[in-house]
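Okay, thanks everyone, let me get the screen up.

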Amino acid sequence: MIKFLFLLFMPTIFVFFGLWLIQNVLVTFVCFYGWMFMILYANNKINLKVALTKKSLYVGTLSGVLCAAVIIGSSLLFSGKIFHVEDMQAVLQIWGFSGWKVIILAVILIFINPYLEEIYWRVYIQNKVKKHLPLPASTIVTSSFYTLYHLFIILPVFAFPFNWISAAGVFLAGITWACIRERYGAEAAIISHALADAAIISHALADAAIMIVYGLYVR
């Protein structure tokens, strides 16, 4: 039980430690992704075999484009309300998200983050929770803990009430990607380093949209 609680809470602890206490995004990324990789590698969950089906590719791409459209569309529609550029720039500067590091962090966010998060939450953790809870409940549990560490990123960056609305969006995205994993996970396999199954493709496109918004408004 204690081990399982560690699996649920450690990603949030690393984000809180890295961004709120140390205030360094590089330290956060190393701890956060290092933890996920270590756990997945130790449990033989790292798999780079290519066996993606057309249906998985279509579902992942369409859902990813929809996520990207919502993210970019919302930023355009509510420009100046979702976040204040000066305040966001100040927070990102404190965290060290600036200069040449933006390129490195963007590559990690778009190509590594979707893979590790999807395999960690929607495969490894979801399968563990499903042993004790029915699918709807297990999906809510994993999506809730997936959303938890995003709160420490979203709350200081976005203006109220859009920060909480964005957090709700993260939760709904987690639910959506969990459903995609359950429906297409059997035939959707992992493509080298980034484009894996439908959920990971969708996740990657959503993360790319976040970087587009950053490029449009913050840099």
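This is a predicted model: local features need pLDDT of at least 70, side-chain atom pairs count only at pLDDT 80 or more; totals for chains, interfaces and linings use all residues.

The largest nonpolar core has 55 residues. The largest share comes from α5, with 15 residues. If you want the residues with the most contacts inside the core, look for W35, M36, F97, Y120, W121, I125 and M211.

Let me zoom in on Y120. Leaving out residues up to four places away in sequence, Y120 touches L7, P11, W35, M36, I39, L40 and I125.

Next, helix α3, which covers residues 54–77. How far apart are its end C-alpha atoms? They're 33 Å apart, and since 24 residues at 1.5 Å a residue should span 34 Å, that agrees. As for what's buried in α3, we have S56, V59, G60, S63, G64, C67, A68 and S75. A reminder that helps when you look at that list: an α-helix has 3.6 residues a turn, so residues three or four places apart point the same way.

Last one, T139, over in helix α6. Is it buried or exposed? T139 has a relative accessible area of 6%, so it counts as buried, the cut-off being under 20%. Its side chain makes a polar contact of 3.2 Å with the side chain of Q126. Setting aside residues up to four places away in sequence, T139 touches Q126, I175 and A178.

That's it from me.

Methods:
Residues are numbered from 1 along each chain as its sequence is written. Side-chain values use heavy atoms; hydrogens and water are left out. Helices (H or I, at least four residues) and strands (E, at least two) are DSSP runs, numbered from the N terminus. The expected span of a helix is 1.5 Å times one less than its number of residues. Buried means under 20% relative accessible area, exposed over 50%, partly exposed in between (1.4 Å probe, protein chains only). A nonpolar core is a set of buried Ala, Val, Leu, Ile, Met, Phe, Trp, Tyr and Cys residues joined through side-chain atoms within 4.5 Å. Contact means heavy atoms within 4.5 Å. A polar contact is a pair of N or O atoms within 3.5 Å; within protein, one must be able to donate a hydrogen and the other to accept it, and residues adjacent in sequence count only if both atoms are side-chain atoms.
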